[in-house]
Every structure is written in structure tokens, then in C-alpha cells.
Amino acid sequence: MGSFAYCAFLRGAASRVMRSRFSIILQYPMLMTQSESPSARKIRFILSRSAGSGKAQALINEIFRWFPEATHSKPGTPRERCGDVTISLTRSADDVRVFTREWRDFWADDGVVFIAGGDGSLNETISELVGSGCAFGVLPMGTGNDFARALYEGHISPEHAISRVRNIAHVQYRSIDSMRANGMPCVNMFSLGYDTQVLDAALALQRRYRRYGSLSFAAGVIKTLPQDKTTPLRFRYTSSEGEESSVEQGATVLTIGNSQYYGGGFRPLPHAMIDDGALDLMHVDSLSMPSFARLITKYRSGRHLEDPRVHTAKVTSVDIERSDGKDLLWNIDGIIHHSRSVHIEVKPASLVLADLNHAESGE
């Protein structure tokens, strides 16, 4: 898209709402107070044109409805030209990080970034914000939306994301935890085992055969059926009470999380909380494929914890390696990694969440 068409993408939305700018403010006077007050956080919306399966234009329209003063900004746009509220469309792979880093450096704890995307985009966002005081909010417009699934109690459709824009005038800010895996920030979930084998195979198929789309995950299951479902593990963890424990056994799946969901709706950690200063650890004993298949329905709904082959703990740090000396295959928020070992630790109250779920409605 050329620069003129790119700007027109936003100006077209703006022109449809500018005529009603003053009527909106008169009807909702708190909008002017919150969005233009010097004490309010400065807002950057980050989204791609493909966000929400083509719902990006509807989201932009809604942003202009509630923030008629919003500007358009690209990487490198000076702070004074961005204004108090700006919309930034991603055009390259690094833009989410660039936009987030800029806003953090511009405003620190006077800024907030709303990311309209899925768990991968969210991971890029929080990676630039940990410990900075600059807040983040989530408008679920991706495919998995697993962090948002817990935060918004399952209401994660693009329509729900668009409707939450009105709540920004009454947003509540609160500190939440994050975690690090080998030094890399994560806000949702770490996992290894059979689920990561499937994810790795699915992503490889997506790269090779783009037409597969979501079918690549089903193909990933088929491709990994002949593989060993057990990973021989040796791990040590510190519980939230400070007790040290060591485990050496084969596991079908191991997850460590700050939140509850992963994999597009599976709920391995139904008791996880994002602000309790601890992480939830769960591992499943070595299972045959038929046994794992019977467990999977409960695993998806979060009812698997009653099974004696499932083990859990509240932890603050975990060190993991394979007992056979091979490299581990693992992922954080759907991003695949390989390493000989992995160290995971909680970072309490290291992020500021703009919580739209508990904001009062602007209506």
C-alpha cells in the first residue's frame, strides 16, 4: 500500500466520524475529560490491517468515534506529532516492538499501549514494557487470544474487542506478574512435550504450505503420531512457600504459566492468577496415545487436575533439562525455542495492565 493510500485508510474512517465529534463529547463529557486531560495516560493503538480477520477498519472507526483527536503515526514519528492518542498500523515484522519501544521511551509511566492482535503480538509488546511503568492493554484480534481468553472470561471475538474501546475512558490500571524463560519475557504460558511437538510440526507446515491455514495443526497431529510422546525430564523447582523439590521422570506435557489458557482454548492451568506473585506448574505422566486422547477433553476444559497422573504446584522458579542430555524443544506464547536447559522464574508486579474487563462502561 502506497503512502497516500496508507494515510487514506485512516482519514476515510476519520471523515465519517468528525461530523459527530461534538455531539459525542456532549453526550459523553467524561470522554473529553479522560482522553484529553493532562493527567491521563497517552494512548497508542497498534494493529495490523489484517487484525480480527479483516475487522481492522471497524476497529479504527470505533477508535475515532471515541477519540476523534487521534492521529496516525508510523515508526519514527516524533512524539509531538503523535499527540495524546495515536493509531499505528504495522507494516513489517518488527513494527510491534518498534511502536511499543517508542511509546515507552516517549511517555514511560504516563503511556499505555493497546495491542490489537493475538498472543504473539502481545508477547512482543510486553517484552518491551517489563519494569518500565508504561502500561499495556489487550484488544483480542488474533487467532489464539489465550491471555485475553482468561482476562475477558472467554469474550474474545473481534466484535467484543471493538466494543471494549468505549471502556478505555474508564480503564483501571493494576500491576500484574510476568515470567522469564532463559531471560525472555512472557506473560502467558511456557510448555514443552507433545503439544510443542505438534506446534513445531504445524508451524513448519504453515511455512511450507501457506494454504493449510488452521488445518496445519490437524496435519501436525498426524505428522507427529509416530513420534515418542514422552520427554525424559529432570527438573527442580522452588515452591511459592520457598520449598525446594526435584523430579526425574518422563512427561507427556509440562506447562508453567502466569495465566490459564494456551493452544487456542486449552486450559491446563485453571487456577493460575496473573497477580499472585507465583507461577502454576503442571506436568502429565508418560501416557500412551489412547490414554492421552481420553484425557484431552478434560484437559481442554480444565477438569483434568483430578486425574492422578496430573501433578501441579505453585512455584517461583523452575530449572528443566532432559535426563538423556538432548536439547529441549519448548515454546513461550507459541514461539518455538531449543536449548540444552531452561530456567523459568516469576517477576512479580513487573507489568502494568490496562484492565478493560473491570472498567465501567462508557455508556
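Contact here means heavy atoms within 4.5 Å. Leaving aside neighbours within four places in sequence, F45 is in contact with I63, F67, V85, T86, I87, S88, F114, L139 and I168. The model is a predicted one, in which local features need pLDDT of at least 70, side-chain atom pairs count only at pLDDT 80 or more, and totals for chains, interfaces and linings use all residues. Residues are numbered from 1 along each chain as its sequence is written, and side-chain values use heavy atoms, with hydrogens and water left out.

A nonpolar core is a set of buried Ala, Val, Leu, Ile, Met, Phe, Trp, Tyr and Cys residues joined through side-chain atoms within 4.5 Å; buried means under 20% relative accessible area, exposed over 50%, and partly exposed in between (1.4 Å probe, protein chains only). The largest such core has 53 residues, and those with the most contacts inside it are F45, L47, L59, F67, F114, F136 and F147. Helix α5 (residues 56-66) gives the most to this core, contributing six residues. Helices (H or I, at least four residues) and strands (E, at least two) are DSSP runs, numbered from the N terminus. A second, separate core of 24 residues includes M179, V247, I256 and I344.

Turning to charged pairs, a search of the whole structure finds 20 salt bridges, each being a side-chain nitrogen of Lys or Arg within 4 Å of a carboxyl oxygen of Asp or Glu. One of them joins the side chains of R44 and E102, at 3.1 Å from N to O. Because R44 lies in strand β1 (residues 42-47) and E102 in helix α7 (residues 95-107), this pair ties together parts that are 58 residues apart in sequence. R44 counts as buried, at 0% relative accessibility, and E102 is buried as well, with a relative accessible area of 15%.

A further salt bridge connects D105 with R104, whose closest N and O atoms are 3.0 Å apart. Here D105 is exposed, at 54% relative accessible area, whereas R104 is partly exposed at 22%. Both residues belong to a network of salt bridges that links R97, R101, R104, D105 and E128.

Elsewhere, the side chains of E248 and R234 meet in a salt bridge of 3.4 Å, N to O. This pair links distant parts of the chain, with E248 in strand β10 (residues 244-257) and R234 in strand β9 (residues 231-239), 14 residues apart. E248 counts as exposed at 52% relative accessibility, while R234 is partly exposed at 28%.
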